[in-house]
Amino acid sequence: MVSCVSWKPPEAAPGDSSEQAVSPEREVLPFSTLRRRAATIESEEALRASIEAHEGFVQANPRHRDALESLANQWLLMGTAYTRRRDEKRRAFLRAMSLSEQAMRTNPAFDQRVGSGESPWEACDSLGREEMDAMLFWVTGVLYVFREGMVFPQHIAHLDWLERADRMLERMKTIDRTWNGGAVLFSQAIVYHSVPESAGGDPEKARLYLEEALAYSEGWMLCRWGRAKYFLTDPKDAAARRAELQAVVATPPGVGEAPYWRRFFRDDARRMLDEMKL
């Protein structure tokens, strides 16, 4: 379960704890060491080791916002890059959402409101720039549960979760619309692209959000990778898709997403380019 309050995340199985067991004798490493090691993650084995070390740290330091956000981000990568079964994906994404909410609750005003029974999407107007990563990772968890953790017709029963994600994104837009290379706007494009028009989806609004996100994406990979993966799927868009994937592969190292995400985006772009040759 994502929260200790009354609302439930999509497809959370009763009694299915997302808490991760950590060996009690494992040394709790300083967060500075964890951060350096996370920057070198290049494999599933390294990611799992980093997650276990982070889990030990946040058990000992449950209000360390940076560590909670880093761990949430790594669970998102685990769910999308290194799991195959839908139940495994859901567990990873729900864990990321749980950690993201825990990070948000380091904000005293938000913590008080959620502790009094409000949901995160109702209380998110108490959050500010310091919680932007936590909000984005919570939203990303919702979107990944919806896209990778469900099969039709489960999506129909959980469309309200996309509305809740959009409410969080609206709050983020009031803080910084252009933040992190257009990540907020890209996520809103995904929301309006994912929902059927009969249920409030809007392809034109999705297109406009995506175009605006791309305008802020220089040096970042998410928007171009995501445009190729989710939007340019029609055979008539093959040339544009190939150009976007080639741009991702050619993006030089530098500022932007966490290094392990940039490796994933580059590797996934190469994989999609190889598939287009078949």
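**A buried serine and its surroundings**

A: Ser-70 counts as buried because its relative accessibility is 15%, where buried means under 20% relative accessible area, exposed over 50% and partly exposed in between, using a 1.4 Å probe and protein chains only. The model is predicted, so local features need pLDDT of at least 70 and side-chain atom pairs count only at pLDDT 80 or more, while totals for chains, interfaces and linings use all residues. Residues are numbered from 1 along each chain as its sequence is written, and side-chain values use heavy atoms, with hydrogens and water left out.

Ser-70 lies in helix α3, residues 65–81. Helices are DSSP runs of H or I with at least four residues, strands are runs of E with at least two, and both are numbered from the N terminus. Leaving aside residues up to four places away in sequence, Ser-70 touches Phe-31, His-54 and Tyr-260; a contact means heavy atoms within 4.5 Å.

In α1, the buried residues are Phe-31, Thr-33, Leu-34 and Ala-38. They are on the same side of α1 because they cover an arc of only 155 degrees around the axis, the arc being that of the directions from the helix axis to the C-beta atoms. The cover over these buried residues of α1 includes α2, α3 and α14 (259–277).

Aromatic rings come next. The whole structure holds 13 aromatic pairs. Rings of Phe, Tyr and Trp (its six-membered ring) pair if their centres lie within 6.5 Å; planes under 30 degrees apart count as stacked, over 60 as edge-to-face and the rest as tilted. Phe-31 and Phe-57 make a tilted pair, with 5.8 Å centre to centre and 35 degrees between the planes. This pair links distant parts of the chain, since Phe-31 is in helix α1 (residues 31–38) and Phe-57 in helix α2 (residues 44–60), 26 residues apart. Both Phe-31 and Phe-57 are buried.

Finally, the setting. The protein has 14 helices and zero strands. Of its 278 residues, 53% count as buried. Among contacts between residues at least 6 apart in sequence, 66% join residues at least 24 apart.
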